[in-house]
Structures are given as C-alpha cells and as structure tokens.
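Welcome, and please take a moment to turn the model around before reading on. The paragraphs below will then walk you through it step by step.

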Amino acid sequence: MQPRLQPSSKAWISAGALMLLLSAPFTLAQQPAGDDTGQQAFNNSCRTCHSMKEGDNRLGPNLNKIVGRKAGSLPNYNYSSSMKEAGFAWDQDKLTRFMVKPDEVVSGHKMQPYGGVSAEEASKVFAYLQAAGGQ
Ligand code: HEC
C-alpha cells in the first residue's frame with residue numbers, strides 16, 4: 001500500500017525549469033534604443049534642462065523629434081525672440097555647432113547658464129538626439 005509517486009510530476013518541474021533557462025537570455029539581450037555614450041553625454045550636459053519627451057518642457061524646451069524641427073517652434077514654450085525668429089530647422093550641422101557655441105548659431109538666445117561642450121561630445125549627443133527623438 002505504498003503511495004506511488006506520480007511519474008509525470010518530476011518531468012513537469014524540469015520542463016518548467018528548462019523553459020525559464022531558455023527564455024532568460026532573450027530578456028537580457030534587449031537593449032534600449034540609442035548608444036550609451038551618447039545618452040551619457042546628454043545626461044551630463046543637457047538633461048538638467050531638457051527632456052526628450054513630447055510636451056515635457058523644463059527650463060529648456062523638450063527635444064522630442066528635434067532633428068528636422070523648426071527652431072523656436074513649440075507652441076507651449078516661452079522662447080527668446082531670437083530663437084523664435086531664428087528661421088531655420090535643426091539639422092546635424094546646426095545642432096552640433098549650437099552645442100559647441102550657441103551664440104554663433106542663434107545670437108541672443110537664452111540657453112543659460114550653459115558652458116558648451118567639445119565637438120566630440122556634441123557629435124555623441126547628436127547621435128543620441130537622433131536615436132531617442134523618434135526619427
Ligand atoms: C541651463 C539649462 C540648459 C542646458 C544645460 C542646455 N539647454 Fe538647451 N535650451 C535651454 C533653454 C532655456 C533654451 C531656450 C532658448 C531660447 O529660447 O533662446 C534651450 C534651447 C535649446 C534648443 C532649441 C530648441 C528649439 O525648440 O528650437 C536646442 C536644440 C537645445 N537647447 C539643445 C541643447 C543640448 C543638445 C544641450 C546639451 C548639450 C542643451 N541644450 C543644454 C536650456 C538649456
């Protein structure tokens with residue numbers, strides 16, 4: 001009258017464990033969009049004042065879809081008149097130069113206090129703006 005161990009229960013447990021093992025690497029392999037060094041550079045130099053999220057204006061306007069966006073064009077942000085009247089759309093050249101020397105691209109802007117970044121940092125940040133901005 002010994003209760004017999006169900007032969008199938010052990011097999012089910014190992015099958016479950018195997019499934020977990022197999023699914024783990026796929027979860028780990030998922031990477032956020034964009035390049036880490038670009039994001040790091042953005043966090044260091046821009047994130048205090050800028051968000052990449054649509055509608056999320058801080059001290060500076062949000063930078064969602066900034067590549068190709070007209071300068072000074074968000075309706076719900078209070079730009080300086082120089083920025084509003086800049087009259088160009090942001091492209092790679094304008095953005096990287098603005099990050100290095102803002103005054104040379106839009107004189108009279110109010111992006112302050114901002115110390116500027118090196119050309120190398122600027123190109124890293126540009127890659128992040130493009131990747132994270134939804135283009
Ligand atoms: C100290 C706060 C501050 C920091 C740091 C800062 N910004 Fe700004 N940024 C502003 C403000 C304020 C404006 C609005 C300027 C105006 O209206 O003249 C602005 C405007 C801009 C614009 C124009 C946006 C538009 O809608 O036309 C871009 C592009 C920009 N910043 C990019 C950057 C990038 C990239 C960095 C980092 C390398 C950065 N900013 C760092 C405050 C900041």
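What follows is a tour from the overall layout to single residues.

This is a predicted model, so local features need pLDDT of at least 70 and side-chain atom pairs count only at pLDDT 80 or more, while totals for chains, interfaces and linings use all residues. Residues are numbered from 1 along each chain as its sequence is written. The score pLDDT is the predictor's confidence in each residue, from 0 to 100. The chain averages a pLDDT of 86, and 73% of the residues score at least 70. Over residues 26–34, however, pLDDT stays under 50, and the model has six contacts beyond four places in sequence for this stretch. Two residues are in contact if their C-beta atoms, placed from the backbone, lie within 7 Å. Where pLDDT is low, the predicted coordinates should not be read in detail.

Let us begin with the layout. The chain has six helices and zero strands, and from the N terminus on its elements run α-α-α-α-α-α. Helices (H or I, at least four residues) and strands (E, at least two) are DSSP runs, numbered from the N terminus. Among contacts with a separation of 6 or more, 51% are between residues 24 or more positions apart. Of the 135 residues of the chain, 19% count as buried. A residue is buried if 20 or more other C-beta atoms lie within 10 Å of its own, exposed if 12 or fewer, and partly exposed in between, with C-beta atoms placed from the backbone.

Which residues make up the centre of the largest nonpolar core, judged by contacts inside it? Those with the most contacts are Phe 42, Leu 95, Met 99, Val 125, Phe 126, Tyr 128 and Leu 129, in a core of 19 residues. H2, H4 and H6 each supply at least two residues of this core, and its largest share, six residues, comes from H6. A nonpolar core here is a set of buried Ala, Val, Leu, Ile, Met, Phe, Trp, Tyr and Cys residues joined through C-beta atoms within 7 Å. In soluble globular proteins, nonpolar side chains tend to be buried together. Leaving aside residues up to four places away in sequence, Leu 129 touches Leu 63, Ile 66, Val 67 and Leu 95.

Now look at helix H2, residues 36–45, where Gly 38, Gln 39, Ala 41 and Phe 42 are buried. Seen down the axis of H2, these buried residues fall within an arc of 160 degrees, so they line one face of the helix. The arc is that of the directions from the helix axis to the C-beta atoms. An α-helix has 3.6 residues a turn, so residues three or four places apart point the same way. On the face of H2 turned away from the buried side you will find the exposed residues Asp 36, Asn 43 and Asn 44. Helix H6 (119–132) is part of what covers the buried residues of H2.

Gly 38 is buried because 20 other C-beta atoms lie within 10 Å. Not counting residues up to four places away in sequence, Gly 38 touches Lys 124, Val 125, Ala 127, Tyr 128 and Ala 131. The C-alpha atoms of Gly 38 and Ala 127 are separated by 6.3 Å, though the two are 89 residues apart along the chain. Asn 44 counts as exposed, with 12 C-beta neighbours inside 10 Å.

Leu 95, Thr 96, Phe 98 and Met 99 are buried in H4. Seen down the axis of H4, its buried residues fall within an arc of 160 degrees, so they line one face of the helix. Helix H5 (102–105) and H6 are among what covers them.

Next comes the ligand. Of the 27 residues around the ligand, Cys 46, Cys 49, Gly 60, Tyr 79 and Ser 80 come nearest. The elements giving two or more residues to this shell are helix H3 (81–84) and helix H4 (92–100), and H4 gives the most, with three residues. A residue is near a molecule or strand if its C-beta atom, placed from the backbone, lies within 6 Å of it.

Finally, visit two spots in the loops. A cis peptide bond joins Gln 112 and Pro 113, with omega about -5 degrees, and Pro 113 lies in the loop between H5 and H6. Lys 65, in the loop between H2 and H3, has a positive phi of about 50 degrees although it is not a glycine.
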